[in-house]
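Student: I have a structure to read. How do I go about describing its helix packing and its ligand site?

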Amino acid sequence: MEIRYFDNNATSAVAPEVLEAMLPYLSDFYGNPSSMYAFAARAADGIDQARSRVAALLGANPEEIIFTSCGSESDNTAIFSALQAQPDKRHLITTRVEHSAILNTAQYWERQGCRVTYLNVDDRGRLDQEQYLQALGDDTALVSIMFANNEVGNIYPIQRMAEAARERGVLFHTDAVQAVGKTPIDLSHMPVDMLSLSGHKIHAPKGIGVLYVRRGVRFRPFLRGGHQERGRRAGTENVPYIVGLGKAAQLATEHLQEERIAVARLRDRLEQGIMAGVPDCIVNGDTENRLPNTSNISFKNVEGEAILLMLDRLGICASSGSACTSGSLEPSHVLRAMGVPFNYAHGSVRLSLSRYTTEEDVDYVTEHLPDVIKTLRAISPYKD
Ligand SMILES: *Cc1c(COP(=O)(O)O)cnc(C)c1O
């Protein structure tokens, strides 16, 4: 059975160009980039080129790019560094709708005696800006706000929020794992101090990430050891994966503008098809201000997990929120924070597209989903 992949916010296919760029570094150029001889310089050159490509995607300088093992490591490092570099400041500001890489880290630091403000969202998932401005204080070590939400796709007003933090002299980090490659980001015009991204969300492999740290920002390494990454992240560089991420960044830079239009068109076709074919469903999130690839839909009086199982039998891969929360029957923390009504929140499905999604994939879903929902509603114990 053909796979119809609608779970690109969980992970994405490795681009063929990325795999091709990586292969020589898995076979021929295996030298340690720190070694002195010319053979090892081939590996070091690969890293340099990748660093420049990632920097170009973000509007950053190459020396501001630190390669890490994943988005989660980048998020952990940003929070760790801000608190270690400013021991007199013990307050964090983040949101209720972050990825668990931020939420669980914030909770860890709360147990270590830090104070954390979690910004609330409204029913469309928009952040409470008044609460934000009031929370910024002299004691605030870091603001960490995601650029775009992985579950509903909301894009947050990072420019404005980072400017407010800068005015108060507070460091600003953004988890841009979902935003990179899907919406333009130009750090040369944005007072963001640190930014996280992850390879496997932008068609590079799993297990490679980046932390951008603006020049001049005080930084404390999370991993200590060798002098790799200018002493900011120890460990022999994962050369093939770094090269792959560089290639993925280059593809994203070159194709972002056309892809976001094409992907949004397919996403809208998908959503309109579903809304036309299924009664009693709602689109979650800020539909005015969303990633082009993400659709989160709640179907009244059905269980999201049951929908996913039936879609799986049809070869359709989707998700009922973040992969980390699926498996539990609680609605996702994002939909709970938004106050999505119980009989809708339980029947939520996230469909996330990519440059590889086809019109045929979309039409396959809109053709089969109405029957899935009809079947499940017929046996649902929930009725009004
Ligand atoms: C996937 C994701 C992460 C974690 O990235 P990994 O590379 O899987 O550790 C962090 N934040 C957001 C918003 C994500 O979607």
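Student: At roughly what angle do the axes of helix 2 and helix 8 cross?

Tutor: Two packed helices are described by the angle between their axes and the distance between the axes. Here the axes of helix 2 (residues 38-58) and helix 8 (residues 239-277) cross at roughly 30° and come within 8 Å. Axes are lines fitted to C-alpha atoms, for helices over the stretch in contact, and angles run from 0 to 180 degrees between N-to-C directions. Helices (H or I, at least four residues) and strands (E, at least two) are DSSP runs, numbered from the N terminus. One caution: this is a predicted model, where local features need pLDDT of at least 70, side-chain atom pairs count only at pLDDT 80 or more, and totals for chains, interfaces and linings use all residues. Residues are numbered from 1 along each chain as its sequence is written, and side-chain values use heavy atoms, with hydrogens and water left out.

Student: Is the crossing of helix 2 and helix 8 left-handed or right-handed?

Tutor: A crossing is left-handed if the near helix is turned anticlockwise from the far one by less than a right angle, and right-handed if clockwise. Helix 2 and helix 8 cross in the left-handed sense. Contact means heavy atoms within 4.5 Å. Ala, Val, Leu, Ile, Met, Phe, Trp, Tyr, Cys and Pro count as nonpolar, Asp, Glu, Lys and Arg as charged, and the others, Gly among them, as polar.

Student: At roughly what angle do helix 1 and helix 8 cross?

Tutor: The axes of helix 1 (residues 16-27) and helix 8 cross at roughly 155° and come within 8 Å. Helix 1 is therefore roughly antiparallel to helix 8. The cut-offs: under 35 degrees is roughly parallel, over 145 roughly antiparallel, 65 to 115 roughly perpendicular, and the rest oblique. This crossing is right-handed. Among the residues in contact are Met22 and Tyr25 of helix 1 and Tyr241 and Leu251 of helix 8. The classes are eleven nonpolar, one polar and two charged.

Student: How do helix 3 and helix 4 cross?

Tutor: The axes of helix 3 (residues 71-85) and helix 4 (residues 100-111) come within 9 Å, at roughly 30°. They are therefore roughly parallel to each other. The crossing is right-handed. Ser72 and Phe80 of helix 3 are among the contact residues, as is Trp109 of helix 4. Six nonpolar, four polar and one charged residue make up the contact.

Student: Which residues are closest to the ligand?

Tutor: The closest are Ser72, Asp175, Gln178, Ser198 and Lys201, among 13 surrounding residues (a heavy atom within 4 Å). Next, look at the polar atoms. A polar side-chain atom of Asp175 lies 2.7 Å from a ligand nitrogen atom. For Lys201, a polar side-chain atom lies 2.8 Å from a ligand oxygen atom. Gly71 places a backbone N or O atom 2.8 Å from an oxygen atom of the ligand.

Student: Where does Ser188 lie?

Tutor: Ser188 lies in the loop between strand 6 (171-175) and strand 7 (194-198). Leaving aside neighbours within four places in sequence, Ser188 is in contact with Leu58 and Gly59.

Key. Polar contact = N/O pair within 3.5 Å; in protein donor to acceptor, adjacent residues only side chain to side chain.
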